[in-house]
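Please look over the sequence and the model below.

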Amino acid sequence: MTSIEADYLVVGAGAMGMAFVDTLLAESDATIVLVDENHQPGGHWNSVYPFVRLHQPSAFYGVNSRPLGNEHMIDRAGFNEGFFELATGHEVCAYYDEVMRNHMLPTGRLTYFPMTRYLGDNRIRTLDGEEHTVTVRRRTVDATYLLTVVQSMRSAPFSVADGITVIPPNDLPRRAAEHEHFTIVGGGKTGMDCCLWLLRNGVAANILRWIKPRDSWLLNRANVQPGPEFAKTLRASIAARAQAISEATSSEDLFERLETAEVLFRLDPAVTPTMYHCAIVSRRELDHLRLIEDVVRLGHLEHVEHHQIRLTGGSVPATPSLYVDSTTQGLPRPPSVPVFDGDRITLQSVRSCQQVFSSAFIAHVETTYGDDATRNELCTPIVHPDAPIDYLRQTLEDNVATLRWVRDDELMAWLKTARLNAARDLFPVFPPGKERVRDKAMGALAVALKKTNDELIALMGST
């Protein structure tokens, strides 16, 4: 057993771990040991299906110091036409590999151990079976607390009779040509991606069956775009949301108002969604998904026979089909714990569903502020959503965080320049000499956010 010394031991080289390490390297002189069980950085991206794309713009993903793809590229065709590009899974993996090789390792302050298992107590085991102890001078960072598990990493949660084929989405391009009918199992973003991939490749909507245990509220991609040209749209969306919250008489009424304002979408206007996972779609994607008429809403799939499909809420006749297991819990939802806790940092979302931004933000707070009480006040975890009521909860928690952050001029300056900050174009720049104008604007923002928060609390209480 050998001993290695570093200021930080970071466990997990996925998206969150990489974002944290990047900011720590950029904003401190710290030395870091980074360990991960995969053969290259990127976490679950190493196991995703080949046609996966980000559902938020590439401009908001990756590490803070390096753009992902062409941040100025707007798609001119396809379901994302008119919006900033969405990186493919292959592009994301190549990006993280390039960031590691050409940016992080050349600093000389990072020691990277791929194919390495963390054993606890700052001990690691490398692929050759050797165990090492890392002497950590500052903190151990858990970048796996929100570990994402995709379909190819586990078995399907339902059974099928002999002779029936079930595959993960990873195998769909290779197996699709062998079949004349497709059953997509799962109502989340992966299920949507599988449906859209088939439709985009000429498969008729009438030979698709979609088993959806739950319908979801979806974010409108038009409102999640970077750059000054989209800032007006984003501000209008936020204003429409605030108005809907102010005028709503119940949470159900709120969601109807948000749908009317195109802040949120749902696939079937006749079906009330019972899920919200921060999934983002364009209007074109929505229109194509609505072409699928054979939608089964009888709960979770339990077993498939040749002539019958059994679900938790009933049964339907079966037809010869290729079953694509797109079921997943979506974003993990462990209970929140303090981000900063003695000699440990646990990476979590501190803005709703913005994991990589949150990790970079946590690293900045680690390097900038001197005590954990202040750090934890700035970095209050926001648990990932599951049900529609969580949309209200997260909006409230995001507003509370914003109220804390706007009081800190240095922090606001960092947020204004942070590439991963999806809200960076929302706040105007106040030149020197305009402090009174700035203070007045920030005061008005605080009043508006507090009013919205009071209304959200009332709506949540009436649910």
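Are Phe84 and Phe230 buried or exposed? Both Phe84 and Phe230 are buried in this model, which is a predicted one. Phe84 belongs to the loop between β2 and α2, and Phe230 to helix α5 (residues 228–247), so their contact ties together parts that are 146 residues apart in sequence. The two ring centres are 5.7 Å apart and the planes meet at 65 degrees; the pair is therefore edge-to-face, since planes over 60 degrees apart are counted that way. In total, the structure holds 13 aromatic pairs.

Another of these pairs is made by Trp217 and Phe255, and this one is stacked, with 5.2 Å from centre to centre and 15 degrees between the planes. Trp217 lies in strand β11 (residues 216–220) and Phe255 in helix α6 (residues 251–260), so the pair links distant parts of the chain, 38 residues apart. Trp217 is buried, as is Phe255. Trp217 and Phe255 also belong to one aromatic cluster together with Tyr276 and Tyr391.

Aromatic rings also take part in contacts with charged groups. Arg351 has its charged end over the ring of Phe357, 4.3 Å from the ring centre. Arg375 is placed over the face of Phe340, and here the distance to the ring centre is 5.9 Å.

The cysteines come next. How many disulfides does the structure hold? There is one disulfide, and it joins Cys278 to Cys353 with an S to S distance of 1.9 Å. Cys278 is in strand β13 (residues 275–281), while Cys353 is in the loop between β20 (344–346) and α8 (355–368), so the bond ties together parts that are 75 residues apart in sequence. The torsion about the S-S bond is about 60 degrees, which means that the disulfide is right-handed. Cys278 and Cys353 are both buried.

Cys93 has a relative accessible area of 12% and so is buried. For Cys194, the closest cysteine sulfur is that of Cys195, at 7.0 Å, which is also too far for a bond, because a disulfide requires the sulfur atoms to be within 2.5 Å. Cys194 counts as buried because its relative accessibility is 0%.

Cys194 and Cys195 are among the buried residues of α4. Helix α4 (residues 189–200) contains 12 residues and spans 16 Å from its first C-alpha to its last, close to the 16 Å expected at 1.5 Å a residue. The helix is mostly covered, with 11 of its 12 residues buried. Besides the cysteines, the buried residues include Lys189, Asp193 and Trp197. Just after α4, Gly202 has a positive phi of about 90 degrees.

The last stop is Asn70, in the loop between β2 (32–35) and α2 (89–104). Asn70 counts as partly exposed because its relative accessibility is 36%. A polar atom of the Asn70 side chain lies 2.9 Å from the backbone nitrogen of His72. Asn70 and Ala59 are 11 residues apart along the chain, and their C-alpha atoms are separated by 8.1 Å.

Terms used:
Residues numbered from 1 in each chain as written. Predicted model: local features only at pLDDT ≥ 70, side-chain atom pairs only at ≥ 80, totals over all residues. Heavy atoms only, no water. Helix = DSSP H or I, 4+ residues; strand = E, 2+ residues; numbered from the N terminus. Buried < 20%, exposed > 50% of the residue type's maximum accessible area, 1.4 Å probe, protein only. Polar contact = N/O pair within 3.5 Å; in protein donor to acceptor, adjacent residues only side chain to side chain. Phe/Tyr/Trp six-rings, centres within 6.5 Å; stacked < 30°, edge-to-face > 60°. Lys NZ or Arg CZ within 6 Å of the ring centre and 35° of its normal. Expected span 1.5 Å × (residues − 1).
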